[in-house]
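Please look over the sequence and the structure shown here before reading the briefing that follows.

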Amino acid sequence: MTTETAASPRALAWQRRRHSAARFWKQYRTHRAGLFGLATLALFALLALTAPLTVGSDVQSVTRAPGQPLESPSGEFPLGTDRFGRSLLGLLIWGARVSLLVGLLAAVLSVAIGAFIGITAGHFRGRYATVIMRITDWFLVMPTLVLAIALATVMSRSLGTIVLAIGVTTWPTTARLVRAQTLAVESRPYIERAKALGGGHGHIMSRHVLPNVMPLVLAQTTLIISSAILAEATLAFLGLGDPTVVSWGGLLQDAREAGAVSAGDWWYLVPPGIAIAVVALAFTLCGRAVESVLNPRLGVAR
Amino acid sequence: MSTHVHGRGPKGPRSRPRTVRLVATAGAAALVFSAGLATPLDPAPRQAAAADGDKVLTVAVAQSVDSLSPFLASRLLSTSIHRLTYEYLTNYDPKDAHAVPGLATKWESSPDKLTWTYTIRSNSKWSDGQRATAEDAAWTFTKMMTDEGAATANGSFVANFEKVTAPSPTQLVIKLKKPQATMTALDVPIVPKHVWEKVGDFSEFNNDKKFPIVGNGPFVLTDYKADSYVRLKANKGFWRGAPKFDELVFRYYKDQDAAVAALRKGEVSFVAGQPALTPAQAASLKNADDIKVNDAPGRRFYAIATNPGAKARNGQKFGDGHPSLLDQRVRHALFMAVDRKTIIDKVFQGHAVEGQGYIPPRFSQYFFKPSASQELAYDPEQAAALLDRAGYRKNSAGERLGKDGRPITYRVLCHATDPNDKAVGQYLKEWWGKLGIGVRLDCLDNVSDPWLAGTYDLAFDGWSVNPDPDFVLSIHTCAALPATPKDTGATDNFICDKRYDDLYARQLAEYDPAKRAAIVQQMESRLYDLGYMNVMAYPNAVEAYRTDQIKSIRTMPSGAGNIYGQDGYWSWWSAVPADSGGSSDDSSSTGVVIGGAVGAAVLVGAGLFFAMRRRATADDRE
Amino acid sequence: MSSLQKAAAPPVLTEPAARRTSGPAYLRYGAGKVGGAAVSLLAVLVTGFFLFRLIPGDPVKTMTGGRPVSAEQLAAYRREFGLDLPVWQQFTDYCGKALTGDLGTSYQFRAPVLDKITEALPNTLLLTGTAFVLYTALGIFLGTRAAWRHGGLGDKLNTGLALTLYSVPSFWLGLLLIIVFSVGIGPIPGLFPTGGMESGGEEGFAYVLDVAHHLILPVITLVAVEYGQTLLVTRSALLDEMGGDYLTTARAKGLRDDLVRRRHAVPNALLPTVTLVFVNLGRTVAGVILVETVFSWPGLGGLFYQALSVPDLPLVQGLFFFFAAAVIVMNTVADLVYPLLDPRVGR
């Protein structure tokens with residue numbers, strides 16, 4: 001640990017963090033798969049963010065659909081049209097917004113719950129920790145898909161429901177990992193010192209433990225986004241999504257309902273699936289790269 | 001992810017082939033386990049497989065059987081099967097659906113219409129050889145009257161029965177408490193007394209344990225496996241003549257698209273149009289060889305219903321429909337903003353007819369077309385003006401405000417399982433959005449709860465209309481409202497209108513068909529003006545079959561009508577096999593090849609385990 | 001299996017497994033695990049009961065399908081299904097019966113829930129069992145190979161393919177397989193059935209072949225999306241192991257390289273995989289819902305879906321309990337087996 005000198009401790013801390021970020025990036029760069037994942041994500045993020053400019057929200061409109069229903073790919077519609085005659089390429093780009101957003105929100109929710117539970121359980125120990133970890137263990141063995149379907153059925157059909165259903169069913173893994181890390185951090189001497197100097201529970205958890213588990217939380221978030229995107233598609237495909245919102249899973253559900261499978265209208269079915277797989281893969285690759293930078297012993301990318 | 005797994009202790013220096021062996025054994029056990037499962041799955045001895053040359057008609061259905069007991073079944077598939085396996089007292093003529101003889105050869109009522117006497121045919125035999133008699137019918141009805149469990153499915157038919165007797169094997173006498181219109185349309189399967197009197201609890205007996213099931217219809221049910229198939233064999237001794245196919249199989253597919261794919265491949269001979277095939281499916285099947293798409297005028301209407309303020313017969317109000325919908329001008333404006341032609345063109349892609357009156361044009365004598373002055377043609381500008389006139393104006397943000405000063409957003413109840421609801425819902429959202437009205441689509445698997453509770457603003461609605469429209473007319477009378485908010489009434493969506501009710505009473509008392517039809521049209525006109533039931537379309541019945549397996553099959557009505565879901569058993573009874581016949585021959589031979597391949601794949605998997613295991617033990621020996 | 005399953009997939013060993021591997025200590029450890037599992041099962045029972053009461057919908061009104069029913073008749077139905085009792089009493093009744101193996105009567109099928117489950121269970125087990133054996137074997141085999149030649153082109157392709165398939169939605173893959181190999185596209189004939197488990201009417205060996213024929217596409221789908229996880233765990237465990245000092249020692253003793261790997265590294269590395277194997281088996285049973293839906297497989301997943309839409313409370317609760325129990329039991333088995341396989345733990 002750095003000794004405190006004349007410079008303000010805060011500035012020092014920032015400097016230290018900047019250094020470690022630079023170190024992190026240097027190591028991350030050596031993981032080619034991770035870079036590939038990152039580049040893919042950047043591309044999709046760009047597409048999603050610029051969608052209002054490139055395709056415009058009009059692409060969702062059914063009344064102003066430019067084509068005939070279920071046209072096969074052509075110069076005008078590179079990926080054909082959907083059952084309303086909307087351009088599938090446009091919908092695919094527009095759907096990225098929803099799929100990425102839901103994946104991101106659900107993962108953040110899941111990791112936030114997990115981090116909170118993990119840190120408190122690691123910090124407070126005793127009866128609280130026992131009870132909390134029992135609950136965590138219990139959630140860990142719940143069949144997540146079954147639970148998420150049940151939750152989505154119980155609540156009204158909206159994006160919020162999907163985010164919630166994914167978030168509250170996937171946090172236990174994070175909680176366990178964060179707790180283990182918290183225990184390790186808290187066994188270090190400087191926590192002892194902080195306590196002796198009168199640091200309260202809140203201070204220790206937010207100022208000392210949280211920054212130290214942050215990298216782990218980051219890796220975990222990346223990995224969970226990947227699952228959350230798949231989960232969103234799954235729930236939408238099972239008809240539990242909001243039918244008026246265009247998402248990749250929703251497009252697949254539309255395709256199946258319209259009869260694209262038996263009619264062999266592959267252009268309706270193939271692109272959304274590929275988009276889901278590519279983005280999920282990209283997040284997984286990033287997550288693995290982050291993980292192996294943080295914990296080289298894991299050997300994932302060797 | 002999988003990489004956090006191994007937070008383990010220090011590493012031991014010894015090898016552990018034991019582990020490998022254990023994995024291998026576990027794998028082998030699982031293999032044996034699953035292989036073992038493949039064979040003795042059903043302990044019941046199965047009927048002899050279709051002998052070579054047997055003509056099998058396979059129907060793909062997207063609905064599962066709820067119960068094989070005629071006393072419990074209510075799904076269309078189950079009741080269709082009962083129609084095929086048990087003879088009812090009467091049947092419907094395939095041309096115009098008037099009552100024709102079934103188990104009863106003739107029937108007459110006493111002048112006061114309270115006593116009905118049916119003559120039971122003497123040439124109908126149960127499949128176990130015993131003769132079907134009036135005694136069986138009397139026992140069936142009496143059971144339903146006395147045992148609540150037996151009244152589950154068809155209890156409404158006998159609710160009004162006083163007494164049912166069988167003075168002789170060929171005579172059945174039913175005494176009523178008050179006159180009943182459905183006496184020649186009692187859709188109640190008559191079951192063999194000598195079999196069913198042994199049943200203990202009718203509310204839990206599903207009739208699916210002992211096969212073949214004793215019946216007297218054109219087919220005999222020989223085998224059933226939940227969510228897989230229902231097999232029926234032709235009843236060679238059927239009094240009307242044996243069916244042309246030797247076997248009839250209803251095979252279950254979880255969704256319609258899988259069923260259509262199965263038809264393309266020839267796995268099945270027929271795809272039930274329930275739900276109707278989608279435009280994409282119909283279009284792709286039309287181009288396929290040896291497949292005929294039956295695209296016939298449907299008997300359904302497809303409407304958008306508005307909540308008229310749910311209330312019970314005792315005057316108690318319930319539910320929370322939007323108050324603005326009580327204004328007729330608002331309802332008209334909403335419907336005027338619905339472009340019916342686009343719905344036909346885009347959503348149904350021509351497989352439907354634009355909506356007019358309440359009853360579909362297939363029933364031409366009752367079909368009603370609004371006059372030019374009353375017609376609510378598509379005209380969004382007029383609609384906006386109408387809303388302005390009604391006092392619902394737009395605010396600066398373009399939102400139309402309700403009388404409470406808040407922007408109007410309607411909840412539209414839709415069936416999550418019906419793609420058309422979701423598609424039309426999206427159009428409504430945009431069309432009404434232009435009027436400044438928000439739409440929230442509430443798509444549910446099961447809409448009956450908010451529906452019965454009146455907690456919706458608008459809802460997608462549709463009914464299949466019978467040749468006699470009495471039922472679909474009756475569900476909009478005040479008498480159909482629930483007695484109290486706690487009851488469930490026959491009402492469709494709580495409409496209660498004095499003028500409509502008067503007309504309803506008049507048509508009931510009118511015996512002259514032409515005059516009655518005129519009154520029915522007046523009722524439709526009234527319904528149209530009220531704006532509570534806005535018919536958008538009459539969807540066609542779209543179904544398809546393989547012409548290389550089915551040579552001909554009778555539709556109902558015979559001119560242009562549906563095949564699946566008929567009122568009688570005409571379609572399956574009349575179906576004539578094509579000369580090339582059976583569908584299952586070639587698939588079973590490829591089955592052998594492919595099955596062999598799978599077996600090989602499984603063996604490779606097993607081999608892998610054992611290879612690893614052997615290697616491990618070999619290492620030990622070194 | 002589903003993506004959601006994957007999210008929670010890391011088979012986390014509950015705490016440092018055991019102190020000792022034999023004798024009373026192990027028994028105590030085992031008893032603790034079994035006790036914990038029993039508590040979990042009870043918690044599942046409670047959750048299932050209350051969670052599904054939240055589904056909007058009056059089951060009795062749904063059951064009567066909107067037919068005109070008087071308040072008295074509705075009350076009679078409620079009595080019949082015990083829905084007129086206070087919730088806590090319904091709950092105690094339910095638990096009491098559940099302990100004796102009676103999970104109630106399905107509303108829509110009018111049959112004991114246990115009968116409906118045991119009817120569909122063999123079908124689900126056949127599908128998941130076959131897929132499970134194949135993907136575990138494939139995962140371990142390819143994982144070992146990838147680790148042996150780690151860093152090489154083979155490893156990269158191998159791992160890359162596994163990761164890619166792992167990111168593919170299983171239902172989508174299933175639909176594509178149906179289009180290509182069932183319906184047939186271009187020159188490819190439709191070789192396989194589009195769905196279901198049997199054609200019906202076959203007997204004896206022909207029946208087995210018929211079922212096997214129907215089994216192929218769903219099994220391929222499951223194997224494709226599932227084997228990746230086993231592969232990755234095996235691979236990273238093996239890589240982990242290969243860095244171990246004892247291997248260097250072994251090599252220094254003059255043992256051949258491949259022998260070192262095979263005799264020392266692989267068996268140790270398989271330990272985490274064993275845990276994963278059991279955990280996966282439990283999860284696959286619950287996660288097969290999607291594949292069953294796509295292939296019209298008459299198993300538990302389809303039943304669950306039908307039950308939810310009514311809502312058929314007893315059936316939903318029963319299935320939920322069953323799915324959770326499968327995972328809990330398999331986890332417990334993994335916990336119990338692990339110290340037996342790895343005596344190092346706690347030494």
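How many residues has helix H1 of chain A, and how far does it reach from its first C-alpha to its last? Helix H1 (residues 9-29) of chain A has 21 residues and reaches 30 Å, close to the 30 Å expected at 1.5 Å a residue, the expected span being 1.5 Å times one less than the number of residues. This is a predicted model, in which local features need pLDDT of at least 70 and side-chain atom pairs count only at pLDDT 80 or more, while totals for chains, interfaces and linings use all residues. Residues are numbered from 1 along each chain as its sequence is written, and chains are lettered from A and ligands numbered from 1 in the order in which they are written.

**Helix H1 of chain A**
- Of the 21 residues of H1(A), the number buried is 0, so this helix lies largely in the open (buried means that 20 or more other C-beta atoms, placed from the backbone, lie within 10 Å of a residue's own; helices are DSSP runs of H or I, at least four residues, numbered from the N terminus).

**Nonpolar cores**
- The largest nonpolar core has 285 residues, and those with the most contacts inside it include Ala148(A), Ala60(B) and Leu319(C) (such a core is a set of buried Ala, Val, Leu, Ile, Met, Phe, Trp, Tyr and Cys residues joined through C-beta atoms within 7 Å).
- Helix H9 (residues 204-242) of chain C gives the largest share of this core, 20 residues.
- Apart from it lies another core, of 77 residues, among them Val412(B) and Tyr504(B).

**Chain B against chain A**
- In chain B, 27 residues are in contact with 29 residues of chain A (contact means C-beta atoms, placed from the backbone, within 7 Å).
- H11(B) gives the most to the side of chain B that touches chain A, with 9 residues.

Note on methods. A residue is buried if 20 or more other C-beta atoms lie within 10 Å of its own, exposed if 12 or fewer, and partly exposed in between; C-beta atoms are placed from the backbone. Helices (H or I, at least four residues) and strands (E, at least two) are DSSP runs, numbered from the N terminus. Two residues are in contact if their C-beta atoms, placed from the backbone, lie within 7 Å.
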